[in-house]
Amino acid sequence: MPDVLRPLCLLLLAVASPCPAAAADNLQPARTALAEGQPLIAAGKATRLLGAESGLTGEERQQAAALAIEAWVRVGDGARALDLLARENVPGGPYWEAQAALLAGEAARAEAVLTARLELGQAEASEKLLLAKLSLEQGDVAQARELATGLLEAGEVDIATAARLLLAEALLLSGDASQALETLAGTRTEAARHLHARALIELDRPTEAEPLLEALLADKTGGESLTHASLLLLAETRLRAGRSADAVENLTTFLDATPHSDLWPQAFQLLARALADSTAPLPDATLRWVADSGASPRLTTRPAAENAIFQGHALLLLARWLHDQAREIEALGLLEAMIEALPGHPQEGEAMRLALQIHGAQGDEAVVAALAARWRQRFQESGPAFLDFVSAGGRFVRGEYPQAASLFQAAADAAATLAGRRAALYNAGIAALRAGEFALYQSLLGQLQIVSAGSEAGRKAGDSAADLELDRGLALAAAGQPGASSGLSQFLQNHANHPRALEACLALAELSMLAAPANFGMAEKALAQADVLPHLTEAQRQRIAITRLWLLDRRDKLKELTEQGAAFLKAWPEAERADEVRMKLGDAYFRLENFAAARTEFELLPQEHPESPYADSALYFAALAASATLTEEGQAAALELWQTLAERGGPLGLAARHQQAQLKRLAGHEADALNLLEALLTEKNLPVEMHRQLTCEKAELLMLLGRPHPERLDEAVALLRDFLSTADLPYLWRARAGHTLATVLHAAARTTEALEACHAVVEQTPIGGPANPAEFRWFYRAGFFGIELLEAARQWESAARLAEKLGRPRGERAAEAAERATKIRLDHFIWDGKK
């Protein structure tokens, strides 16, 4: 969308009285910088002028303040602009306050300012346009359309043009592509051409859209964001025109040549669709993206964090392709690797959804339950409706919903009462919805609207047409399909006082905060609407308050979370979910590194709620908080708490005993730690991964104890050699144990054997090299230790060759290894014969 910022300083100059030459000269450099596209320089100059003893009159100061505020907004620093607005009075202040609040992430404040101006009849055209844009971003399409329509005849051409574009966008989101085309008629901007092509695609006219997009891209005048969006839209046109191979080629080229784009998620999703529709093989670049965490080899300056994000998208793409090829086990392997290796990735939720779907289709109920629990833990959620749909995905995959819809229709036709017919139609609509038969769903919804019209009984029974609309929105949310947010928003607009309005508000808030990217403004708006619903019970107010706590957590506003969490427990100490709030409160304090407060909250939970499912977890984290204080009292308390947890025999008992051993080791009590580990290793139901970890830790303790007792070193060597002989031992554990074995052998003065152990770690890497950061860590530790041993033995050529081998995989220490190899060869003149 075009920039709609008003040139406020120019407006002021037009109405201001002549300024003294000195003041004009002082302000002119800032004014010139802004006109030349240097807002940061302009902001600095104007702000300094406001603080200087420049003798500005009131009117001159107003000009300087207006220019500084506009400059800070154009820079994107809403906080600085808000600070000036709090101290200076400038014309158009509410407009600039809204702009600055949006930049500062305060969408609710911006909306409140603009709405107040609108309700008082004082809003100018630019303010209405900004409110329309904000409404569209937050999903309030109806208000956006109304405001934009009223601005089409605005006196300012730029505002009228921007309003026309915004109205077209709203019409497209509403599904009215034909009217969007009429609205765009005569508008020739790059954004208008892009929207014109979108409308043609929505009207299933991709062949007409394609030349428009090709011409737009050839002009190269729309800026990076519009160019990227148009490239993706061009791929969409070719996909809809049945040219999926062309779409795959376009998207692969885009992803391989783009160092960064906000549209990566959409591009990868579109590429997944194109691959599903195409018989073409998987692009070779895909495997490189997965292996190298990046795109084209020439894009070597991309930050590591962006590489990880790109790699996550590529992993999900490959998993989707394997899923489409019915290679479910391989798909699950990639999904689980992505979830484990890239926590917090923007597409982590999608990866978990697909994993749930595959496990559900395979009937892995235990895995589905565990993964659903992990979902809730990861996203700090506890039972929102759409997550319950996802966690029960296996049941839906195996359900006979089409047959159910047919039977419910027959029951509705044969019903003797209106209530019976309404209930049967409602159930038929739910079954059709879950079967994906949306044409049938629309037919049933129309019939239900007739029998529900004016029926208070239907509202009370929960089987009215409005209920079915809400259930459709919830089902779309559960399936992660587009239209969920707009469907819920439309329900709330049409049925603001419906008995289930609170359910819609909370679902919309949850969906908005879990979206990628999160829409915190919409979540806040949904909760604000929930706050003013009539006849709320205390339990319902508690649900709103808890959802707001979750929102604060998602926004990392931990201090506010602690304040509101404490207020919740003070207001509702006996609330049904008080234990959940107490747990969240302790977690917030822990993340704020206020370990004393965290320990208090965690210890209070099992005291107040001994039967709570969070009781064991609270004890565990209370011990972690106590140990984090790094005091003798804290460590003693941690050991005692972990002992209590171990004696309870719950699911965290083994983890508590493990923590006791680790704390003993950190305190220098290796013998006590060894005894605890050996006791743990005798447990019959010890998880495989935990058994492997404990074995490695036991060997490390034996090595530490081997300094005064050399026989312990032999015991460690035997333990590790036995462990390494395990069949199908994953490389991660083979590398860690191999490095530990080399260290133990070196401590026992068995240097040659130590070198062999290091060599085995490096040589036994899987095809393609280490697969994740943990594997790379042990790969490099063993390799560099081997180099040190070779250098100590003055085996310079071998040391250089080993260093070169470490430099081949694309790990974080590859460059270091290559430099080490070069240095060894230069220092010892051994270049002869190097390949």
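Modeller: The largest cavity has a volume of about 50 Å³, where a volume is the space filled by probe spheres set on grid points joined across faces, edges and corners. This is a predicted model, in which local features need pLDDT of at least 70, side-chain atom pairs count only at pLDDT 80 or more, and totals for chains, interfaces and linings use all residues. Residues are numbered from 1 along each chain as its sequence is written, and side-chain values use heavy atoms, with hydrogens and water left out.

Colleague: Why is the pair of Phe 779 and Tyr 780 called edge-to-face?

Modeller: Rings of Phe, Tyr and Trp (its six-membered ring) pair if their centres lie within 6.5 Å, and planes under 30 degrees apart count as stacked, over 60 as edge-to-face and the rest as tilted. The count comes to 14 aromatic pairs. For Phe 779 and Tyr 780 the centres are 5.2 Å apart and the planes stand at 65 degrees, so the pair is edge-to-face.

Colleague: How do you know whether Phe 779 is buried or exposed?

Modeller: Buried means under 20% relative accessible area, exposed over 50%, and partly exposed in between (1.4 Å probe, protein chains only). Phe 779 has 2%, so Phe 779 is buried.

Note on methods: 1 Å grid on protein atoms, 1.4 Å probe; cavity = no way out; pocket = protein on both sides within 12 Å on 5 of 7 lines; lining within 4 Å.
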